[in-house]
4 protein chains.
Amino acid sequence: MFLTTYKRIRKHTEDICAPLKTEDYVVQPVVDVSPPKWHLGHSTWFFEAFVLKPYAQGYKEFNPDYNFVFNSYYETIGARVIRTDRGNLSRPTVEDVYKYRAYVDEAMDHFLIEHELPQELQDILLLGYNHEQQHQELLITDLKYILGHNPLFPAYNSEVDPEPDLSVTSYFQIPEGVYDIGYEGTGFCFDNELGRHKVYLHDYSIGSELVTNEEYLEFIESGGYKNFKYWHSEGWEWVKTTKAEAPLYWHLIDGQHFNYTLHGLKPVNMDEPVCHVNYYEAHAFAEWSGKRLPTEFEWEAAAPQFKWGKRWEWTESAYLPYPFYKKAPGAIGEYNGKFMVNQMVLRGASEATPVGHSRISYRNFFHPYLQWQYTGIRLAF
Amino acid sequence: MFLTTYKRIRKHTEDICAPLKTEDYVVQPVVDVSPPKWHLGHSTWFFEAFVLKPYAQGYKEFNPDYNFVFNSYYETIGARVIRTDRGNLSRPTVEDVYKYRAYVDEAMDHFLIEHELPQELQDILLLGYNHEQQHQELLITDLKYILGHNPLFPAYNSEVDPEPDLSVTSYFQIPEGVYDIGYEGTGFCFDNELGRHKVYLHDYSIGSELVTNEEYLEFIESGGYKNFKYWHSEGWEWVKTTKAEAPLYWHLIDGQHFNYTLHGLKPVNMDEPVCHVNYYEAHAFAEWSGKRLPTEFEWEAAAPQFKWGKRWEWTESAYLPYPFYKKAPGAIGEYNGKFMVNQMVLRGASEATPVGHSRISYRNFFHPYLQWQYTGIRLAF
Amino acid sequence: MFLTTYKRIRKHTEDICAPLKTEDYVVQPVVDVSPPKWHLGHSTWFFEAFVLKPYAQGYKEFNPDYNFVFNSYYETIGARVIRTDRGNLSRPTVEDVYKYRAYVDEAMDHFLIEHELPQELQDILLLGYNHEQQHQELLITDLKYILGHNPLFPAYNSEVDPEPDLSVTSYFQIPEGVYDIGYEGTGFCFDNELGRHKVYLHDYSIGSELVTNEEYLEFIESGGYKNFKYWHSEGWEWVKTTKAEAPLYWHLIDGQHFNYTLHGLKPVNMDEPVCHVNYYEAHAFAEWSGKRLPTEFEWEAAAPQFKWGKRWEWTESAYLPYPFYKKAPGAIGEYNGKFMVNQMVLRGASEATPVGHSRISYRNFFHPYLQWQYTGIRLAF
Amino acid sequence: MFLTTYKRIRKHTEDICAPLKTEDYVVQPVVDVSPPKWHLGHSTWFFEAFVLKPYAQGYKEFNPDYNFVFNSYYETIGARVIRTDRGNLSRPTVEDVYKYRAYVDEAMDHFLIEHELPQELQDILLLGYNHEQQHQELLITDLKYILGHNPLFPAYNSEVDPEPDLSVTSYFQIPEGVYDIGYEGTGFCFDNELGRHKVYLHDYSIGSELVTNEEYLEFIESGGYKNFKYWHSEGWEWVKTTKAEAPLYWHLIDGQHFNYTLHGLKPVNMDEPVCHVNYYEAHAFAEWSGKRLPTEFEWEAAAPQFKWGKRWEWTESAYLPYPFYKKAPGAIGEYNGKFMVNQMVLRGASEATPVGHSRISYRNFFHPYLQWQYTGIRLAF
C-alpha cells in the first residue's frame, strides 16, 4: 500500500509539469517563487535524505552536490543554496533532475517492496507524501506566477474551468460555548494540528460562500484601494509602495478587467470567488464591508456547515502554537514550528490542492503581503 | 480635577527631559527612535489638534506648520513628516518647542477652568493624558538609545539603582477553565483592552519571577546564539544579519560583560532581570530552557498572583483584536486597530512606565525584532 | 605671520557659524552633508593630529575619543565614525566642540610663537589652512542644505545679494596648440595641481559668461527633463529615480519658480547664473543647447580671458592624475589621490569659497549626481 | 560580399552556443550578465528593427512582442524589458528564439541578394555586424559567469588552452611629443573612435607583456587586499563590502589556488596573464608595484610595438568624448555617447573577441567595479 501511494503521488507531480517547456522549469521571477525543477528535485531529495540514506543499506547517493542544491531550509542537514539563488542555476538540467527522480524512485521501489516498515519510518513516509503534495500545490502556484508574469501570457492548459456555483451568501449563526479544536483521528496530520484542545467562542455568524469578484470589484470601484481607513498601517504602506489597485493577475485593458488564468488572459468572471488577494486586502475588504474575517477557531467550528475547498481562506488568526504543541526531534522538527511568527493562518484548500490533501484541521500559513497563493475571503461578524 | 491631572502629567514629561543637553533633543540614531524634541511637540500637538482646535472657540493655532512636523501617523489629519526624517530637522528649535508647550498649556489651562466638559471631551482628555504617558515611556527608551549609542557613553543621571530583589523563581499552577479577559471597571483604558470576554485556558504553570541576567548569561555561554534550533527561522536570520550575541546595550570588554544604563556603562548586575531582549531572543531562551512564553491570556489570568511591573514581558500572543473589538470613529480610531498585524503582545510595565499608567489588562505591542524597549522574559509551561 | 593667518582663518570658520542655532549644528539630513559641529571639530582635529601631537612637546590631547569622532577618512590614523552616523551624535555638544577649538587654538598659539618652523611643518600648516578653508566652503554648502530642507525654510542671514551682472555671453576663440597646465609658482597648492605639463588643444570657443536661470528655464520649459536624448544613460536613470524637474532648491509654487537662498525662499532671479545643477544636468543642458562643456584644460587655458569665481563650473573632464602626479607619503598622501575615480572636475570658485582660496589651477571634484554644491555651467564648442 | 559576411557572423554566434544546454540559455545570475537566449534574440532584433522593418518592403514582423522583449536600451524604439527581468522570462523559448533567428536570416538573405545597398544602409549593416560581434564576446563572458557560478562547475568545452607565452617583460621608452589618436582608415569603426586628433604625451615607458598570475599572486600574498593605501577610496569600499581577496573565479581549495575556466575548475597557471580583475584591482596592483596604468593615449601610441589581444587592458583614462565627437542622429546615436560617464577605457582585445573585431583604436569601456570581462593589466611609468 505504501508503494502504490508513493507511485501515485510521485507521478502526479510529474503530471503537473507535463505542459511545461524546459525553460519554464528554470526561472525564479520573485524570491517567493521557486523554479519548478527545484520543486521536482527537492521533493525527491526528501526521500533520499530522510528514507534512503538512513534506512536503505547500500544505497548510493545519486550526486552528493544535490544535497546542497535541493535542500530547502533544513539547517540540521547542511549548507543550502540561498533562496534567491535558485533561479540562477542552469545545472542540474531538467533532464538531470528527472534522472534523479527516476533513480530515487527505483531505489524507493525496491526498498518499499523488500522491507517491513517500522512505525517511525511509516511516519516519515507519510510526511514525505504530504510534503510532496504541498509542493504539488506550490508548483501550480509558482508556474502560474512564472507564466502570468511573462509578457506573452502563455496558457498552461486549454481546458475550460467549470462554471462557478451561483449560491447567494447566507450566514450561519454559531452559538457561544467551548469547542474542541485540532486534529482528531488516526490518519496523517502535520504537527501543528495536533494537541486537540478547548477554545471558548462567543456567538458569531459566518458566511456560507466566499466573496466574489463582483463584490470585490465593488470595493475597488468605491475607492477601497484609495482610502487608508480600511487598511492596517503596514497594509497601507504596501498599497502605496506597490501601487496596488486590484488582486494579483488582474489587468485593466481598455476599461475591462481581465485576469491571467492557467488558460491565458481572460475577462474576469464576476461570479467566481475573488482570488490572489493578500491578508491586507482581505482585511481591508472586510473592514469596508462592515464585517470581519473569522478566526481560525471560528472557521474550524463552523466548517462542517458550509462548502469549502475552492480557495484558501485568510483568517484573523496569527500562526501560533496550539497549547500542547511539541516539536519533533531532529530535522523533522524544523517542519513547522520555526515559522510560527509574523504569519497568518489560512484554512480550507484550493483548486491547486491535491485530492486527499485537505482536512478541516489543516493550518496553512503565509506572510500577510503574499498574493501569489490561491487565496480568498470568507466574512464573519 | 482634569486641570490638576493635566498639569501633573505635562510637567512630568518636562522633568524627564531636564538632564538633557539641547543636542540630545535633536538626533534620531535609528528609525524606531524619535528625537526627544519630537515627543515634546507631538504630545502637545495632540491637545491642540483634538481639544483646542475643535472645541476652544477663538483658539489661534501656534504655528500651522507644526501640524505637519508633529503629526505622527494620523492619516485623517493631514500630511506628516515621514518618520525617518524626524532626525533631520534642526528647526523648530528646542526653545521653540518649549514655547509651543507653554502656549498650548496656557490655552488648555483657560479652557479647562472655563468649561464644563461633555463626556466625549472627557474621553479625549483621558486619551491625551494616557497618550502623553506612553510618550513619557518612549522618551526614556529613546534617550537611553541616543546616549547609549554615543561613543562617549554619557550618563543620563547619577542616581544608584535600587538593589534587585533576590527571590527564587517558583511556579504557580493555574487550573483549567474559562477565564474572563479584558478591562473591567470605569476608569480609563485603551480600546484594545475593551470587550471583556471569555477564554478557555488549559492547565499551566507560570513563573513567579522574571528571568535574570545570570540565567540569560548561561544561555549565551552554552551557545544559545550559535544554535539555530532554539530560534524561529526569521529570528535566526536576525541573529545572522545583525551578528547578535547578547541583549542590546551589552558590551564585552576585556572578558567582562558591561551594559549601558542611564547611569553610564556598568558591569552587568547578574541578579537583575534581563532587559532589552527582543521576541526572537525571548522565544529562543524559552526553547533552550525547555519551557515556553505564556500567552497574554495566561499572563492576565495569573498576574494577580505574582509581582509585575519591572519589565515589559513578551508573550506568545500576536497582537489581534478581541472578539468584541470596535474601532472608534475618526482619527481617534486610528489609535490601535491599524497596528494589529505582525506584532507581539507585551504585558506588565517597566521602570520607564509612568506611575499610574499600568493595568493588568494593558496590551503593549512591538515588532518581534525590537530590543530597545525595557523588555524581559517570564517563563511558563 | 603663520600665527596671524592661523587666527584669521580659524576665526572665519566660527564667523560662518554665528547665525546658527545649536540644533542646526547637529543634524545630517543626507549622507553627503556633514553636521556643522563636525566641520568645527574635524578642522580642529587636523591641527591636533598633524601638528600638536607629533611636534609640540608635552602637548596633552584634549580628549582621546575625539580622534575617533572627528577623523574623516584618514585610514592611516585609526578607526573613524562611519559617515552616515555623524548626524546621530548628540555628544560632544556644540559647547564641547567650541571648548575643543579654544584649547587647540591656545596650544597652537603658544606653539607658533615659540618655534622656528622647519619647511616640512610649514607645508603641513599651509595644508591645514587650506583644508580649513575647504571646510568653510562645505560648511556653507551644508548649512544651506540643512536649512533649505527644513519645512520652515529658515533664513541664514538677511543681507541682500548684490545685483547680478547683466553681460551678454560672447565666445572667446582659442587657437590650436600646446598649452601648459598645472600650478606654477611658489605659493600653496594641492598635490593634484602639481606637475605642470603640456596638453595639446584643438581650436575651441568658450563662453564669456555662465548660463543664467533664464536660459536654464527655457531648457526646462522645452521639455529638457522629459527627453532622454539629452542625457547620459545614468543621468536619465537619475531623472527617473529622483523625479527631478529643476535644480536643487527650486520650488514651483502656484505657477511661479522660487528657490531657497540663504535669505529664505525667494522668486528665482532670472539674470543670475543657474546654480545647484549636477553634472548630468549640466551635460544635458549643453546637449540641448547644441554646444558642450569645456574640458578642464580648455578652461584653464582660457580662464585668464573671462571672469570666474561666481560658481564652480562643471567640466567634461574626469578627475584623474596629471602625468607627473606623486602622492605624498603617509596620511597626508591620502588627501587627493584616492578619490581619482568616478568623479568629475569642477573649475573656478563660488560665493561660498573663502577669499584667497581660489586659483586658476584649482581642481575641485564631485560625483556626477551631486547638486548640493554651488555648481553652474559654462558652455564651449 | 555583404551576404557572405552576414552569414559568417550570424553562424559564429550560434557556434558559440552549440555546447550549451537549453537551461544555460535562460538564467541571469547577476544584473550585468544577460541570458544567452537574450543575446541571440537581441542581435537578431537589431537587423529586424534597423534593416528589415524600415527598408524591406512587405517584411512581416516575426512577433510584435519581441520588440519589447529584445530591445536593450534604445529608448527611441520603445519600451523595453527592464534589465534585471531578463532572467525571469521562460518564454520565448530557446527554440522560439532560434526560429526567430532563422526567420530574420531568411528575410535578410533575400533582401541582401535583391537590393543594391545605399551607403546609409551599408553603414547600418556594418554596425549590425560589429554589434553582433560585441555580443559574441559578451556571450562568452556571460556563459562563463553562468557556468562558473554554478556549484557543479560544469565545463563549457574540453579543449586544452594553448601554452602561454613565457616572454619576460621589458619596457619600451616612448619619447615626448604630439601623437595622432583615433581611427584612421576607411573600414568600419565605432563613432567613439572617430575624430582623429592630436594629444601631447610626455616621456613614458610601457611594458611589453601583461602582468602574470604569478606576479599578481605576489601582490595578494604580500597583503595587497589588506592594505588600504594601494586602493582608491571607493575601491577599498569594494574590497570591504565584497570581501574580495583574489580575481573573480579564483578559489582557494586546501591551500592551492584554482580558477574556473571554460574547461572547468583548474589550478591557476602562473605563467598566464592575470584575468578577471576590475579597475580597482588593476590600479591597486600598479600602486603596489610602484608603477601605474597607461592612459589610453599612451597605449594607442605604443601599441604597434608590443603584442596585444590576449586580454582587455585597463587604462587610467575615463571614457569621455574625443574633441571632434559627434553623435549620429536617431536610435543609432544612442550607441556609445550616452555611456560617457563613470566608466574607464579598456584597450586591446581578448580571447573572447571575434577574429577581425579588434583595432588599435578600439575603445572598450566598463564600470570600475566589474570583473566579469576578460580584463588584465599592463604597467607603465
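Contact here means heavy atoms within 4.5 Å. This is a predicted model, in which local features need pLDDT of at least 70 and side-chain atom pairs count only at pLDDT 80 or more, while totals for chains, interfaces and linings use all residues. Residues are numbered from 1 along each chain as its sequence is written, chains are lettered from A in the order in which they are written, and side-chain values use heavy atoms, with hydrogens and water left out.

**Stop 1: chains C and D**

Select chains C and D. The contact takes 41 residues from chain C and 41 residues from chain D. Together they bury about 2900 Å², 60% of it on carbon and sulfur atoms; buried area is the accessible area (1.4 Å probe) that two parts lose on being put together, summed over both.

Two salt bridges are counted between chain C and chain D. A salt bridge is a side-chain nitrogen of Lys or Arg within 4 Å of a carboxyl oxygen of Asp or Glu. To see one, select D:Glu287 and C:Lys327, whose side chains meet at 3.6 Å, N to O.

The interface of chain C and chain D also has 11 residue pairs in polar contact, both residues at pLDDT 80 or more. A polar contact is a pair of N or O atoms within 3.5 Å; within protein, one must be able to donate a hydrogen and the other to accept it, and residues adjacent in sequence count only if both atoms are side-chain atoms.

Now colour chain C by its elements. Strand E3 (197-201), helix H7 (233-242), helix H8 (279-289) and strand E8 (312-318) of chain C each give two or more residues to the side that touches chain D. H7(C) gives the most, with five residues. Helices (H or I, at least four residues) and strands (E, at least two) are DSSP runs, numbered from the N terminus.

**Stop 2: chains A and B**

Move to chains A and B, where 41 residues of chain A are in contact with 41 residues of chain B. Select A:His202, A:Val341 and A:Asn342: these supply 19% of the area that chain A buries against chain B, more than any other three residues. Then select A:Glu287 and B:Lys327, which form a salt bridge with the closest N and O atoms 3.5 Å apart.

How is chain A superposed on chain B? A rotation of 180° with 0.0 Å of shift along its axis does it, at RMSD 0.0 Å, with copies superposed by least squares on the C-alpha atoms of residues with pLDDT of at least 70 in both. That is the relation of a two-fold axis. The same surface serves both copies, as 100% of the contact residues of chain A recur in chain B.

**Stop 3: salt bridges within chains**

Over all chains the count comes to 84 salt bridges. In chain D, select D:Arg101 and D:Glu132, with the closest N and O atoms 3.0 Å apart. This pair links distant parts of the chain: D:Arg101 is in helix H4 (residues 94-114) and D:Glu132 in helix H5 (residues 119-148), 31 residues apart. Is D:Arg101 buried or exposed? D:Arg101 is buried, with a relative accessible area of 0%, and D:Glu132 is buried at 1%. Buried means under 20% relative accessible area, exposed over 50%, partly exposed in between (1.4 Å probe, protein chains only).

For a contrasting pair, select B:Glu95 and B:Lys99, whose salt bridge has its closest N and O atoms 3.8 Å apart. Both lie in helix H4 of chain B, four residues apart, about one turn of the helix. B:Glu95 is exposed at 53%, and B:Lys99 is partly exposed at 46%.

End in chain A with A:Arg10, A:Glu14, A:Arg101, A:Asp105 and A:Glu132, which are linked in a network of salt bridges.
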